[in-house]
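The sequence and structure come before the text.

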Amino acid sequence: MARPSDLVALAGGRPLTRQHGRAFSLQLDGEAWTLTLDGAPIGAAGFWPADGFREAWLMLSPAFRKKSVLPAALRMVADHLQTHFDPVLPTVAAVDLDNRGGRAIATRLGFIDVGDHPQYPGAAMFVLVRT
């Protein structure tokens, strides 16, 4: 389970993004996990509960993106998403339209791009599919 201190370390003193804010909220009513490397938090992932669906999120520290462990970590997250796949409760993710890296990661995690996100202007909506 992600701890608030892990998420503060991930933010690195920079302004919080929408995903960071959700991650803090998840401490109360969602499900979140921390990815660590040598004991230091390098990423966090989880589900944000919503009405009729759940939203998946993933945060990676800038240092983590340059590590050779990224492919292995993405496989672990993808496996975890598939373990928690629910055909009745869709899992979606919002990715900024200009975030090519985020869109590629969403695809590697088993999501498909279904077009513009209805709740977040400037974001694409990805839906998790069974792989």
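## Helix, core and strands

Helix α4 covers residues 70-83, and its 14 residues should span 20 Å at 1.5 Å a residue, which agrees with the 20 Å between its end C-alpha atoms. The expected span is 1.5 Å times one less than the number of residues in the helix. Helices (H or I, at least four residues) and strands (E, at least two) are DSSP runs, numbered from the N terminus. This is a predicted model, in which local features need pLDDT of at least 70 and side-chain atom pairs count only at pLDDT 80 or more, while totals for chains, interfaces and linings use all residues. Residues are numbered from 1 along each chain as its sequence is written, and side-chain values use heavy atoms, with hydrogens and water left out.

The buried residues of α4 are L70, A73, L74, V77, A78, L81 and Q82. Buried means under 20% relative accessible area, exposed over 50%, and partly exposed in between (1.4 Å probe, protein chains only). An α-helix has 3.6 residues a turn, so residues three or four places apart point the same way.

The largest nonpolar core has 18 residues, and L81, L109, F111 and F126 have the most contacts inside it. Two or more residues each come from β2 (40-49), β3 (54-60), α4, β4 (91-96) and β6 (123-128). The largest share, 5 residues, is that of α4. Such a core is a set of buried Ala, Val, Leu, Ile, Met, Phe, Trp, Tyr and Cys residues joined through side-chain atoms within 4.5 Å. Not counting residues up to four places away in sequence, L109 touches L58, L74, V77, A78, L81 and L128; contact means heavy atoms within 4.5 Å.

In β6, 5 of the 6 residues are buried, so the strand is largely enclosed by the rest of the structure. Its pairings are listed below; two strands pair if DSSP finds at least two bridges between them.

| Strands | Sense | Bridges |
|---|---|---|
| β4 and β6 | antiparallel | 5 bridges |
| β5 (residues 111-116) and β6 | antiparallel | 4 bridges |

A124 of β6 is the bridge partner of V95 and also of D116. The hairpin of β5 and β6 has 6 residues between the strands, and G122 takes a positive phi near 85° there.

L89 is placed in the loop between α4 and β4. At 30% relative accessibility, L89 counts as partly exposed. Beyond its neighbours within four places in sequence, L89 is in contact with G52, F53 and R54. The C-alpha atoms of L89 and G52 are separated by 6.4 Å, although these residues are 37 residues apart along the chain.
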